[in-house]
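Hi there,

Here is the structure I promised to pass on to you. Have a look at it first, and then read my notes below.

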Amino acid sequence: MTDVIVVGAGLGGTSTAMFLAMRGVDVLLVERHQGTSPHPRAAGQHPRTMEFLRIGQVADEILAAGHPPSAFRIKVAESLRGKVIHTIVEDFDDVLSHVEQVSPAGWGSATQDQVEPILLNQATKHGATVRFATELVSFEQDADGVTANLLDIASGRAEQVRAKYLVAADGNRSPVRERLGIPRSGFGGLSNHIGIVFDADMSELLPDGEQWLYYLQNPAFTGAYINVNRQDRHIFAIEYHPEKGESFADYPHSRIIELMRIGLDAPDLQPEILWTGPWEMAARIADRWRDGRVFLVGDAAKVTPPTGGLGGNAAVCDGFDLAWKLAAVLTGEAGPGLLDTYEPERKSAAEMVVNESLFNYVQRMAPHLAGPDIPTPVGPIQAVLGVRHTSSAVIPEPNDGSPTMDPFRISGEPGFRAPHVVLPTGESTLDVWGAGWALLAGPDGGWDKVDAGIQYRSLGDQYDRFGVGPEGASLIRPDGIVAWRTTDKADEVTLKNVLRQVLSC
Ligand SMILES: Cc1cc2nc3c(=O)[nH]c(=O)nc-3n(C[C@H](O)[C@H](O)[C@H](O)COP(=O)(O)OP(=O)(O)OC[C@H]3O[C@@H](n4cnc5c(N)ncnc54)[C@H](O)[C@@H]3O)c2cc1C
């Protein structure tokens, strides 16, 4: 029996498979297409994603694949050279230097078609089996596992595989979620767009080496343009209106090119169109992220407008979260109850992501929707680095229940990401918790003598950053979230009890 079958080789599936395989879990990933998607779609990795990719030992490759992120600009304008309505990001260096204070992991700008193969390659290096042109047709689950009915698309051969768990990373339309009858809630469909990937020489219009994202509010159409990080490759989007009887078929290449020439101020543009397709801008979160032995990750669990570039990032973060928890249960380190923490923790993170994206969508593409129904966001940095984790895998302190905290003011409170410091050993805390559960302690409490079977590091004189005093200690989970802290001196029995509690043993 396989440990885990992952369905889908998008960002959700490839990251889940990689993080599972590197923890020694036996993984089979199936994808119905012949390979990963050639569409550049998600073009950025925020620092929380980069922290996880660093743990996956692929961060350098991802950073090298993109533009230097400082060369990133975002504007809302009538056209590339036309009236600018808002400047959203002018100087990304400012954002970068600010965020470097809380996370050393950096900011990637690789595109989805570059990232997925890197994650898959790492997954297979760690022993994952990947089968393309293989579709999950149906599945049944019982008390001991899941029976997956697979179809080899080329040969038409059917096969049954047993696994202990099934991960549905099968995208927005998720056949697995549909089969389980799990409904979704949220704003629902917002608008409809035609996506276009094209090659063209735009060097006269855009400074070399810079990455531009333009939201286009032109009298002729609403849309978006992004130059991806390869010479001459670009993405364009045009909103169309099914509610007025329009369909994708009403946009042949000739009409698309006409609108591109208007939006790009390039009347002579001769694009080589590589791909066109319709997609729906939507905000929907699945009501349940788990059904027995089946888990939803990525767009299967929530879909968010791409305004803000958070959907693909959230898929990777889902994959990391589910992988460390599944691995802990499969190796016997944790009890099955740990898996109950996946949904509450990742669903509240998804709500933050959807709020940010919706706000951006209204500001950048649909100002007519502005109003009290649109949630006020906390800001992207807080939404990804400052989310409170509330579940049985955290022992909370009395708190005001706010779902997020400013990551520049985090103080070591359980449920939040541990502050980043460089330890007296010279290590980044990120690399310590990335290797597994860790106890970080003040120098005077005798915690170095405690053996709880987890890593120990002294905080030296930086104990105040964690709010534990010179004698106390902070217990950090493998995702960098503070699980528990104390200002008391070493107490092995208490620590072991705490570990049993947060691991549901
Ligand atoms: C135009 C656009 C721009 C975007 N820009 C950004 C951005 O800048 N930043 C960002 O973070 N996000 C962005 N996103 C969102 C991001 O692309 C998605 O969130 C991400 O692709 C989700 O990954 P996933 O693995 O959950 O799903 P998907 O990428 O949809 O992958 C699902 C996979 O499952 C496979 N599959 C489905 N059913 C089966 C089956 N039965 N058997 C086998 N295989 C199956 C599919 O073939 C597919 O390959 C954008 C999205 C769009 C549409």
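This is a predicted model: local features need pLDDT of at least 70, side-chain atom pairs count only at pLDDT 80 or more; totals for chains, interfaces and linings use all residues.

Let's start with the ligand. Its shell holds 30 residues, and the closest are Gly12, Glu31, Gln112, Asp299 and Gly312. Helix H1 (11-21), strand S6 (134-141) and helix H8 (311-330) each contribute at least two residues to that shell. By type, the shell residues split into eleven nonpolar, 13 polar and six charged.

Which backbone and side-chain atoms does the ligand meet through its oxygens? A polar backbone atom of Gly12 sits 2.8 Å from a ligand oxygen, and one of Leu11 is 3.1 Å from a ligand oxygen. From the side chains, a polar atom of His33 is also found 3.1 Å from an oxygen of the ligand. On its own the ligand would expose 1000 Å², of which the protein buries 87%.

Now for two backbone angles. Most residues other than glycine have a negative phi. Gln57, however, is not a glycine and has a positive phi of about 60°. Gln57 belongs to the loop between helix H2 (47-55) and helix H3 (59-65), and is exposed at a relative accessible area of 62%. Ser504 also has a positive phi, near 55°. Ser504 falls in the segment after helix H13 (492-502) and counts as partly exposed, with 22% relative accessibility.

Best wishes

Conventions: Residues are numbered from 1 along each chain as its sequence is written. Side-chain values use heavy atoms; hydrogens and water are left out. A residue is near a molecule or strand if one of its heavy atoms lies within 4 Å of it. A polar contact is a pair of N or O atoms within 3.5 Å; within protein, one must be able to donate a hydrogen and the other to accept it, and residues adjacent in sequence count only if both atoms are side-chain atoms. Accessible areas come from the Shrake-Rupley method with a 1.4 Å probe; for residues, only the protein chains shown count as cover. Helices (H or I, at least four residues) and strands (E, at least two) are DSSP runs, numbered from the N terminus. Ala, Val, Leu, Ile, Met, Phe, Trp, Tyr, Cys and Pro count as nonpolar, Asp, Glu, Lys and Arg as charged, and the others, Gly among them, as polar. Buried means under 20% relative accessible area, exposed over 50%, partly exposed in between (1.4 Å probe, protein chains only).
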